[in-house]
Amino acid sequence: MKNLFDISALRDYLAFLRGWVEQDVLVWANLIQLLAIIALFIVARLLAPKVRRLLEDKIKKRALERFSESILKNVATLATPVTWLVFQWIGYMVAEHAGYPSNLLRITVSLLSAWIVIRLTTGLVRDPAWAKLIAVVAWSIAALSIVGLLDDTIVFLDSIALTIGGLRVSALLVIKAVLSLGVLLWASLIASRIFERRITQSGRMTPTLKVLTVKLFKIVLVSIAVVVALSTVGIDLTAFAVLGGAIGVGIGFGLQKIVSNLISGVIILLDRSIKPGDVIGVGETFGWINSLGARYASVITRDGTEWLIPNEDLVTQQVVNWSYSNEAVRLKIPIGISYDADPRKAIALCFEAAAEEERILKDPKTNVLLKGFGDSSVDIEMRIWIRDPQNGVSNLKSAVLLRVWDKFQEHDIEIPFPQRDLHLKAPANIGVLHEKAG
């Protein structure tokens, strides 16, 4: 590994900065211009609130297009720099016309113009983090170019480097790679969101196929963005062969579960065993699938709890999908009646209770069967069909049982409870023989 800093290049850059400060900054003409810039800034700061109110009133009074309204709102938020730029431009024109030194005034006008244009442009970006990052980077490059330090800064950053094998990594290379990767990732995410919106609106594709297509498209775009970013800065991708092998070993030993969940997620999407909106049961968890992720599936239960179930469990464990091939689901409700009651009458009342419940389907028909003679009751079983298990199963069973209870009470049909008869036998007489000692 070579030295990280090139001492000679650093010395030359510092000497250039020193000469630039002595010749272009620490002179009387520039000091006078600096005072003028500060005075104009104070005036602009005092007048900025009035300018902001004027723009806001214009937005409220006039029905503008959405694009024009967005630009005016951004200009209103930049009332201070915009007002300062106007006064600064007037001051520069006056100094230029009178023949006074105006280099610092010209630089200030250029910096303000660049800042305002960049802020207005990045104001159209929805993500605040991306907007701030783009604004800082763009204005830094513009500022260095305006003051004439861009080329020297590039040379200085390129001098800060280290060499690993045959790969030379400099600070300039890292900055280029990060900027290229950021821009390409941002563009790929925007493209994937547009594609996802179009796919979601398509009525010809199943929900599972939509999720799989969107995820594969996003993975492809991100992969292309990374490869293109590394290629644009001149990095030979073969240099990462050793790193790729190390990552493969790490996956084999430490990331088995993660890779297994990723592969299981792809399998689930391909075989369409479950999809968003399905009602499933996994172990003690019952609910409907809210979303399918790369590593887990989000299942929301009836009590509002959101369970994140690993995809591997959905592939390797037994999963009850209540709406896999058919949305119609049959429920079994056991009911017990007394031996003194008429079972035919009880069965008829059960049919009436099922007919009054709106969620129970008419086709397939409800069926009520006599299942057997228990220890304490005659066992009856209601078999009903529903098509909306996502709206709850237990609540429907409760509603049906309450209707059955009311009807049994009206017709004097007793619902027994377990009971036992205990028979006590009278004790037998036991004779005792006493023997006297000789």
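## Close-up views of a predicted model

**View A. Ser 298 has its place in strand 5, which covers residues 296-301.** This is a predicted model, in which local features need pLDDT of at least 70, side-chain atom pairs count only at pLDDT 80 or more, and totals for chains, interfaces and linings use all residues. Residues are numbered from 1 along each chain as its sequence is written, and side-chain values use heavy atoms, leaving out hydrogens and water. Strands (E, at least two residues) and helices (H or I, at least four) are DSSP runs numbered from the N terminus. Is Ser 298 buried or exposed? Ser 298 is buried, because its relative accessible area is 1%; here buried means under 20%, exposed over 50%, and partly exposed in between, with a 1.4 Å probe and protein chains only. Leaving aside residues up to four places away in sequence, Ser 298 touches Trp 288, Ile 289, Asn 290, Ser 291, Glu 306, Trp 307 and Leu 308, a contact being heavy atoms within 4.5 Å.

**View B. Strand 5 has antiparallel partners in strand 4 (residues 285-292) and strand 6 (residues 306-310).** Two strands count as paired if DSSP finds at least two bridges between them. Strands 4 and 5 share five bridges, with Gly 287 opposite Thr 301 of strand 5, and a hairpin of three residues joins the two strands. Five bridges also join strand 5 to strand 6, where Leu 308 is the bridge partner of Ser 298. Four residues separate strands 5 and 6 in their hairpin, and Gly 304 in that turn has a positive phi of about 85°. Why is strand 5 described as largely enclosed by the rest of the structure? Because five of its six residues are buried.

**View C. Three strands make an open, antiparallel sheet in the order 8-10-9.** Strand 8 (329-337) and strand 9 (367-373) are the edges, each pairing on one side only. From one strand to the next, the twist averages 25°; axes are lines fitted to C-alpha atoms (for helices, over the stretch in contact), and angles run from 0 to 180 degrees between N-to-C directions. Six bridges hold the antiparallel pair of strand 9 and strand 10 (residues 378-386), and Asn 367 stands opposite Arg 383 of strand 10. Helix 13 (residues 343-355) packs on the sheet, touching strands 8, 9 and 10, with its direction at about 20° to that of strand 10. Helix 14 (residues 394-410) lies across strand 8 and strand 10, at about 35° to strand 8.

**View D. Arg 403 takes part in a network of salt bridges with Glu 352, Glu 356, Glu 357 and Lys 407.** A salt bridge is a side-chain nitrogen of Lys or Arg within 4 Å of a carboxyl oxygen of Asp or Glu, and the structure holds six of them. Glu 356 meets Arg 403 at 3.2 Å, N to O. That pair links distant parts of the chain, 47 residues apart, with Glu 356 in the loop between helix 13 and strand 9 and Arg 403 in helix 14. Glu 356 counts as partly exposed at 39% relative accessibility, and Arg 403 is also partly exposed, at 29%. In the salt bridge of Arg 403 with Glu 357, the closest N and O atoms are 3.1 Å apart. Glu 357 counts as buried, because its relative accessibility is 12%.

**View E. A salt bridge joins Arg 359 to Asp 388.** The closest N and O atoms of this pair are 3.1 Å apart. Arg 359 lies in the loop between helix 13 and strand 9, and Asp 388 in the loop between strand 10 and helix 14, 29 residues away. At 15% relative accessibility, Asp 388 counts as buried.

**View F. Leu 46, in helix 2 (residues 28-61), belongs to a nonpolar surface patch.** The patch also holds Leu 31, Leu 34, Leu 35, Ile 38, Ile 42, Val 43 and Leu 47, and its members have about 700 Å² of accessible area together. Patches take residues with over 30% relative accessible area and no salt bridge, joining like charges within 9 Å and nonpolar side chains (Val, Leu, Ile, Met, Phe, Trp, Tyr) within 5 Å. Accessible areas come from the Shrake-Rupley method with a 1.4 Å probe, and for residues only the protein chains shown count as cover. Leu 46 itself is exposed, with a relative accessible area of 63%.
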